[in-house]
Amino acid sequence: MFSKEESKKIRQEFWTTFGKAYPNKWLLYNTKIKDVTLKFTFTTKLAMVSIDIEPYDEIIRAYYYEKFTCLKNILISDYVPEIVFDEFYELDNGKVISRIYAEKSGVSVHNKNTWDEAMRFLNDKMTNLETFFLEYKDFIES
């Protein structure tokens, strides 16, 4: 068990190491679509890449989710076969968003022995998600 401060330091070390191992200017929050972001997550239980749709307006959230749903077969067949679509994904804070994600279990930010595996997963899946997103961005935002 790690203290809050120790855990924070380990997380910072992981992301610094990841950035050095995979130097890339990731799209993430810079999608140019206000309510749609790409995210990395790495916890004590899993690694995840996701497309998060989290506007304040439920109609906008549903609109963008439907756009991605129209592209679901392409995303699965050509980019990320294990992608999961969740229209009502509940965050730890109780907020409900729409999330399209791929995750890898059996890795932990607190276990350095799993870092290489997590880094490869995060890099490979985010590269594919970004490629997909950029390819279909015009459709998504139209």
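In the predicted model, four strands make up an open, antiparallel sheet with the order β1-β2-β4-β3. The edge positions are taken by β1 (36–42) and β3 (84–90); each has a single partner strand, so one side of each lacks a neighbour in the sheet. Direction ignored, neighbouring strands of this sheet are turned against each other by 30° on average. Helix α4 packs on the sheet and touches β1, β2 and β4. The direction of α4 makes about 20° with that of β2.

The pairing of β1 with β2 (residues 46–53) is antiparallel and comprises seven bridges. A hairpin of three residues connects β1 to β2. Within this pair, threonine 41 has methionine 48 of β2 as its bridge partner, and phenylalanine 40 stands opposite valine 49 in β2. In a regular strand, side chains alternate between the two faces of the sheet. Although β1 stands at an edge of the sheet, this strand is mostly covered, with six of its seven residues buried.

Serine 108 is located in the loop between β4 (96–105) and α4 (115–141). Its relative accessibility is 13%, and serine 108 therefore counts as buried, the cut-off being under 20%. A polar atom of the serine 108 side chain lies 3.1 Å from the backbone nitrogen of histidine 110. When neighbours within four places in sequence are left aside, serine 108 is in contact with Phe42, Thr43, Thr44, Thr114 and Trp115. Of these residues, Phe42 belongs to β1 (36–42), and Trp115 belongs to α4 (115–141).

At the level of the whole chain, the secondary structure consists of four helices and four strands. Read from the N terminus, the elements follow the order α-β-β-α-α-β-β-α. The C-alpha atoms fill a box of roughly 45 × 30 × 25 Å along the principal axes. The radius of gyration is 16 Å; for 142 residues a compact globule would have a value near 14 Å, and the two agree. Of the 142 residues, 43% count as buried. Contacts between residues at least 6 apart in sequence join, in 64% of cases, residues at least 24 apart.

Definitions and conventions. Residues are numbered from 1 along each chain as its sequence is written. This is a predicted model: local features need pLDDT of at least 70, side-chain atom pairs count only at pLDDT 80 or more; totals for chains, interfaces and linings use all residues. Side-chain values use heavy atoms; hydrogens and water are left out. Helices (H or I, at least four residues) and strands (E, at least two) are DSSP runs, numbered from the N terminus. Buried means under 20% relative accessible area, exposed over 50%, partly exposed in between (1.4 Å probe, protein chains only). A polar contact is a pair of N or O atoms within 3.5 Å; within protein, one must be able to donate a hydrogen and the other to accept it, and residues adjacent in sequence count only if both atoms are side-chain atoms. Contact means heavy atoms within 4.5 Å. Two strands pair if DSSP finds at least two bridges between them. Axes are lines fitted to C-alpha atoms, for helices over the stretch in contact, and angles run from 0 to 180 degrees between N-to-C directions. The radius of gyration is taken over C-alpha atoms; the globule rule is 2.2 Å times the number of residues to the power 0.38.
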